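My notes are below, in the order I went through them.

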Amino acid sequence: MNDENTLMQPADATNDAHNEATYRHWRLETDRDGLVWLTLDKADSSTNTLSREVLDEFESILDGFIARNPRGLIIRSGKDKGFIAGADVNEFSEINKPEVAVALMRRGWDLFNKLAAVRFPTLALVRGFCMGGGLELALACRYRIAVDDPSTRFALPEVMLGILPGWGGVKRITGLVGPTAGLDMMLTGRAVDARRAKKIGLVDASVPPRVMENSARVMVLRGNPRRELPFVQRMLDGPLRNVAAHFALRELEKKARREHYPAPYAILELWQKYAGDPFAPPPNDPASIHYLVQHPTTLNLIRVFHLQERLKSLGKSGDFKAERVHVIGAGTMGGDIAAVCAMRGFTVTLQDMAPERIAPAMKRAAELYKRRIRDRLRARDAMDRLIPDLAGDGIRRADVIIEAVVENLEVKQSLFARLEAEAKPTAILATNTSSLKLADIGAQMRDPSRLVGLHFFNPVPQMMLVEVVSGERTDPEWARRALAFVRQIDKLPLPTRDSGGFLVNRVLMPYMINAFRMVDEGLKPETIDKAAEQFGMPMGPITLADTVGLDICAVVGQQLVPDAAPPTKLAQLVEAGKLGKKTGEGFYRWHEGKPVKGPAGTVDETLIHRLIAPYLEEARRAVDEGIVADEDLADAGLIFGTGFAPFRGGPLHYARGCIPDRDEVPA
Ligand code: NAI
């Protein structure tokens with residue numbers, strides 16, 4: 001049986017008639033080698049998640065196998081996209097009740113321990129995403145194979161929801177990949193692709209799609225011993241675990257405050273002191289589920305997850321499918337928009353007035369692909385899809401045309417009149433303007449109902465949000481297509497109305513101006529930035545202003561808050577040509593891309609409140625004026641567009657007083 005020829009024959013699988021009728025979500029087939037192929041194809045869902053029902057069925061199937069001891073078990077997905085996305089987050093609504101959380105944790109912990117203990121060989125054949133509970137299931141198998149496909153990604157993103165990988169993730173991952181890679185995955189939620197998964201030992205093999213089934217059969221039938229961890233990692237996972245934890249803690253403290261984000265600290269402690277057993281810590285221990293799920297951060301992060309899902313769902317309606325994108329203006333924004341679209345698989349033509357304007361954008365794209373795609377051939381393919389187009393030949397064939405030329409009304413007006421004449425009648429016509437009105441830009445168009453705003457944020461590759469702007473005359477059907485397109489480039493679309501600054505800049509500007517005025521009153525920039533960071537902003541407003549450019553801040557400030565007198569210090573700096581990071585000096589001096597900061601003064605709650613208040617008030621006003629449809633969309637837009645402290649659940653949620661003071665967190 002074990003010779004190569006037999007092993008390489010395709011699996012001749014037959015349905016397991018006994019079990020076939022019994023299960024809604026799982027399919028069983030036994031091949032002629034006696035291997036059982038167990039396929040998860042969750043009913044009524046395009047994605048596999050580990051709901052209670054899915055796990056209950058799995059348990060009963062597993063019990064059957066334990067009784068009959070098959071030759072081997074291969075677990076795979078029946079979906080086109082993805083292996084398993086994780087637990088079903090819709091079942092998390094009452095997770096802040098400790099008894100609910102403990103029961104949920106118990107379900108996967110016991111079941112995957114049972115899977116890990118079976119006598120027959122087990123293998124997870126992973127193609128597409130393998131997240132959270134999905135990866136924990138795979139970790140409980142004896143072997144794992146990753147299909148080398150751009151969509152294959154492994155992650156333990158529980159930390160992003162404020163919880164921990166308690167279905168065996170904390171217990172098992174470092175034994176496979178070592179503490180360095182394992183803690184990194186658990187504490188950051190970062191995903192790894194198939195090749196990296198192979199390199200760090202998360203999977204036993206990374207194989208091309210055409211041989212995936214055979215590779216799985218061969219691996220199970222051969223029964224190779226498991227790979228051993230390299231010596232140093234084995235030590236760090238064993239006798240030197242406290243040393244590894246100490247270094248990880250030092251890194252963690254630089255990135256997240258314990259009072260804001262308790263989950264990574266809990267994960268680290270659970271690994272260090274309790275060998276990953278979520279039931280081992282006493283209930284008052286910060287590493288316990290009890291403590292974690294009652295911390296306000298957890299529910300807020302789950303809220304942010306749902307907000308993100310809602311933004312994604314806004315791009316789902318309809319059947320608009322773009323293939324070709326044409327971008328006009330290869331500057332800061334247009335160049336990067338084009339690069340991102342090509343990275344996502346579109347054929348992109350990039351137009352500007354001279355070749356030397358396009359060249360820097362091509363160079364930036366190459367650097368982006370090198371960083372993000374890693375695989376040389378795929379990076380080259382992306383580069384091949386990005387085509388310089390001085391003459392604008394791409395206009396006639398494009399499904400989406402995005403204008404990102406200088407912020408000048410006449411230039412944009414005449415451009416759109418030309419675009420309308422040349423473009424396909426089905427093409428989206430979009431502007432990336434940040435301050436002009438769509439009604440004005442479309443003034444010379446025959447049919448201005450076609451014009452939408454696609455407002456990207458800088459830097460485009462990092463920023464998830466795109467505001468999809470509808471002017472008074474925009475036809476909702478065009479806006480709907482634009483929302484769908486934003487999803488196709490894997491960004492989060494936020495529908496907004498055409499009004500000064502849309503949502504994000506409108507809310508940011510009064511907050512920034514307030515910060516500039518506090519400088520005028522004599523507060524140190526360092527103190528103001530510290531107050532914002534203490535509140536949980538990713539970057540203080542003064543550092544942000546220096547990064548964006550003080551000239552831009554001054555102009556946008558004037559546009560969005562025209563009645564207010566310009567802040568004095570800001571005006572002086574602009575006058576002196578000290579524009580921030582790009583000139584080497586602004587409010588701060590900049591050295592090697594970083595601001596040189598002195599010591600900050602004392603920060604108290606009053607100061608934080610004074611700094612944040614205009615942000616909260618403007619967010620409220622934007623909702624009242626209908627710039628976005630409701631408060632949740634405003635919260636979503638401001639979290640993903642400005643980085644508003646995610647653990648607070650969004651500015652309006654925070655302002656509603658849903659956040660108890662952290663002193664009220666149960667001990
Ligand atoms: P930029 O000055 O870096 O690039 C503009 C490019 O457009 C230049 O390369 C220029 O040669 C080209 N251009 C000008 N007229 C043209 C024409 N008729 N045909 C073809 N190319 C032409 O400007 P940036 O910063 O990229 O801004 C572009 C647009 O994006 C503006 O409307 C701006 O308001 C908006 N925006 C800018 C953001 C930023 O942070 N820079 C953020 C969001 C939107």
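**Ground rules**

I am working from a predicted model, so I kept to its cut-offs: local features need pLDDT of at least 70, side-chain atom pairs count only at pLDDT 80 or more, and totals for chains, interfaces and linings use all residues. Residues are numbered from 1 along each chain as its sequence is written, and side-chain values use heavy atoms, with hydrogens and water left out.

**Helix H4**

I looked up H4, residues 98–117, and found 20 residues spanning 28 Å from the first C-alpha to the last. That is close to the 28 Å expected at 1.5 Å a residue, where the expected span is 1.5 Å times one less than the number of residues.

Next I asked which residues of H4 are buried. I took buried as under 20% relative accessible area, exposed as over 50%, and partly exposed as in between (1.4 Å probe, protein chains only). The buried ones are Pro 98, Ala 101, Leu 104, Met 105, Arg 107, Gly 108, Trp 109, Leu 111, Phe 112 and Leu 115. Their cover includes helices H3 (52–68), H5 (133–139), H6 (169–188) and H12 (289–294), along with strand S5 (122–126); contact here means heavy atoms within 4.5 Å.

**Cores**

I then went for the nonpolar cores, meaning sets of buried Ala, Val, Leu, Ile, Met, Phe, Trp, Tyr and Cys residues joined through side-chain atoms within 4.5 Å. The largest one holds 76 residues, and Phe 58, Phe 154 and Leu 202 have the most contacts inside it. H6 gives the most to this core, with 9 residues. A second, separate core has 54 residues, including Ala 515 and Ile 627.

I checked what Phe 58 touches, leaving out residues up to four places away in sequence: Trp 26, Leu 38, Ile 75, Leu 111, Phe 112, Leu 115 and Leu 137. Leu 111, Phe 112 and Leu 115 are also on the buried list of H4.

I found an open sheet of 3 strands, ordered S6-S8-S9, with mixed pairing. Strands count as paired if DSSP finds at least two bridges between them. S6 (129–131) and S9 (192–193) are the edge strands with a single partner each, so one side of each has no neighbour in the sheet. S6 and S8 (153–155) run parallel and are joined by 3 bridges; Met 131 has Ala 155 as its bridge partner in S8.

**Salt bridges**

How many salt bridges turn up in the whole structure? I got 49, counting a side-chain nitrogen of Lys or Arg within 4 Å of a carboxyl oxygen of Asp or Glu.

Asp 41 pairs with Lys 79, with the closest N and O atoms 2.6 Å apart. This pair links distant parts of the chain, 38 residues apart: Asp 41 is in the loop between S3 (35–40) and H3, and Lys 79 is in the loop between S4 (72–77) and H4. Asp 41 is partly exposed at 26%, whereas Lys 79 is buried at 15%.

Asp 630 pairs with Arg 310 at 2.8 Å. They sit 320 residues apart, Asp 630 in the loop between H25 (605–624) and H26 (631–642), and Arg 310 in H13 (296–314). Salt bridges that share partners also join Asp 148, Arg 195, Asp 375 and Arg 378 into one network.

**Thr 474**

Is Thr 474 buried or exposed? It is buried, at 12% relative accessible area, in the loop between S17 (465–470) and H19 (476–488). I looked for polar contacts (N or O atoms within 3.5 Å, one able to donate a hydrogen and the other to accept it, with residues adjacent in sequence counting only if both atoms are side-chain atoms). The Thr 474 side chain has a polar atom 2.9 Å from the backbone oxygen of Leu 451, and the side chain also reaches the backbone nitrogen of Gly 471 at 2.8 Å.

I noted a cis peptide bond between Asn 458 and Pro 459, omega about 0°. Pro 459 lies in the loop between S16 (451–456) and S17.

Glu 592 is not a glycine, yet its phi is positive, near 45°. Glu 592 is in the loop between S19 (589–591) and S20 (594–596) and is exposed at 71%.

Technical notes: Helices (H or I, at least four residues) and strands (E, at least two) are DSSP runs, numbered from the N terminus.
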